[in-house]
Amino acid sequence: MSTIRFFHMADLHLDSPFKGLFGLPEQNLKKVRESTFEAFDKIIHKAVEEKPDFLLIVGDIYDGENRSLQAQRRFQTAMETLFHHNIPVILSYGNHDHLSGSWTRFALPSNVYELPAETSIVQLKIRGQQVNVYGFSYGERHVTSAMTDTYPVAHDTHTIHIGMLHGSEAGDTTHAVYAPFKKEQLLEKNYHYWALGHIHKRQHLHQHPPIVYPG
C-alpha cells in the first residue's frame with residue numbers, strides 16, 4: 001500500500017462576526033474579524049508549498065448559513081489556487097453552513113468535490129493507489145441523529161479508506177450535540193483514518209487508526 005499525504009481541517013468559520021467582542025476598539029475588532037481569513041490563507045499557502053495529495057475540509061467552512069459574499073469569494077479564490085497546483089479538495093458542510101441556507105452560490109473549480117446530504121464516496125487515484133473518502137454534508141442545520149450506520153464497512157484491503165464526519169462523540173455535552181457517534185462505531189468501519197469536525201479543540205480520540213479533531 002502506497003503512502004499518501006493530505007491536510008485535514010475543519011471549522012474554519014470564515015467571516016465570523018465575533019459577536020461577543022463588540023466592546024473592542026474598532027481597529028482591534030477589524031483585525032480579529034480578519035483572523036479567520038488570515039488563518040485560512042496560511043493553510044492554502046502551506047498546501048501550495050508542500051503539495052499534499054489532497055485536502056479534507058470537514059464542515060463549517062462558513063460561519064453562517066447564508067454564507068457572506070466576501071467569505072465565498074475568498075474561498076473560491078483559494079480553491080482556484082489549489083486547482084492551478086493540481087491539489088484536489090474534498091469538503092463537507094456542517095451545521096453552520098448547511099445546504100438549506102439561502103445564499104448566492106459561487107461556482108467552485110473542478111478539483112473540489114462537495115459532498116451531498118447523503119453519505120457518499122469520492123474515489124481518488126494517488127500514484128496508482130486507490131483512496132476512498134466517505135462523508136456527507138448537513139442537509140439542514142440540525143442533524144441530531146447518528147449517521148454512522150450510513151457509512152459502509154471497508155472490505156478492500158488494497159484501498160485506503162477515510163471517513164469524514166462533522167459531529168460529536170456521544171456523551172460529550174461540552175458542545176452542541178450533532179451527528180453523535182461512538183468511537184467503537186467508527187472503528188467497526190475498518191477505515192484507515194477518521195477526519196472529524198465540529199469540536200474546536202484538537203483531539204486524538206484514537207491512534208491506530210487515527211480518529212482526529214484538528215481543532
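Two strands pair if DSSP finds at least two bridges between them. Strands here are DSSP runs of at least two residues, helices runs (H or I) of at least four, both numbered from the N terminus. Take strand E8, residues 193-197, and strand E10, residues 211-213: 2 bridges join them, and they run parallel. Tryptophan 194 stands opposite isoleucine 211 in E10.

A word on the source. This is a predicted model, where local features need pLDDT of at least 70 and side-chain atom pairs pLDDT 80 or more, while totals for chains, interfaces and linings use all residues. Residues count from 1 along each chain, and side-chain values use heavy atoms, without hydrogens or water.

Now the whole sheet. It is open, has 6 strands in mixed pairing, and reads E5-E6-E7-E8-E10-E9. What stands at the edges? Strand E5 (120-126) and strand E9 (203-206) do; each has a single partner strand, so one side of each lacks a neighbour in the sheet.

Next, strand E6, residues 129-135, which holds asparagine 132. Buried or exposed? Asparagine 132 counts as buried because its relative accessibility is 7%; the cut-offs are under 20% for buried and over 50% for exposed, with partly exposed in between (1.4 Å probe, protein chains only). Beyond four places in sequence, asparagine 132 is in contact (heavy atoms within 4.5 Å) with residues including Ile121, Gln123 and His161.

Last, the cores. A nonpolar core joins buried Ala, Val, Leu, Ile, Met, Phe, Trp, Tyr and Cys residues through side-chain atoms within 4.5 Å. The largest has 23 residues, with Leu14 and Phe75 among those with the most contacts inside it. A second, separate core of 19 residues includes Tyr134 and Phe181.
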